[in-house]
Amino acid sequence: IDFVKSLNPKVESVQIDWNDVRWGKGGGMFETTYTISLYGTFNNIENSGWGVFVFYDDKDGSIDMNSLSLGSQLSIGGELLE
């Protein structure tokens, strides 16, 4: 929530869509990466959206909070939030 709020001063509240949490596996030839993708809305605006990726260790389940990255820009009705 704090990460999404930090992306734009216009974001006052963040809602997470717990029905759209995705666990993924990817990576290159030498290293496998595991990600969790979170999506939601902000400021209680129904047609707003954002997406965040976070990496985790598949062996011990630890999450690297420093790996948070924006997967989908902040938007309202498909238009980027300025």
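Two aromatic pairs were found when the whole structure was searched, a pair being counted where the ring centres of Phe, Tyr or Trp (its six-membered ring) lie within 6.5 Å, with planes under 30 degrees apart classed as stacked, over 60 as edge-to-face and the rest as tilted. The model is a predicted one, in which local features need pLDDT of at least 70, side-chain atom pairs count only at pLDDT 80 or more, and totals for chains, interfaces and linings use all residues. Residues are numbered from 1 along each chain as its sequence is written, and side-chain values use heavy atoms, with hydrogens and water left out.

Trp 23 and Tyr 56 form an edge-to-face pair, with 5.1 Å from centre to centre and 80 degrees between the planes. This pair joins distant parts of the chain, since Trp 23 lies in strand E2 (residues 22-27) and Tyr 56 in strand E4 (residues 48-56), 33 residues apart; strands (E, at least two residues) are DSSP runs numbered from the N terminus. Trp 23 is exposed at 59% relative accessibility, whereas Tyr 56 is buried, with a relative accessible area of 16%, where buried means under 20% and exposed over 50% (1.4 Å probe, protein chains only).

Tyr 34 and Tyr 56 have ring centres 5.7 Å apart and planes at 50 degrees, so this pair is tilted. Distant parts of the chain are again linked, with Tyr 34 in strand E3 (residues 32-42) and Tyr 56 in strand E4, 22 residues apart. Tyr 34 counts as buried because its relative accessibility is 19%. Through these ring pairs, Trp 23, Tyr 34 and Tyr 56 are linked into a cluster.

Terms used. Helix = DSSP H or I, 4+ residues; strand = E, 2+ residues; numbered from the N terminus.
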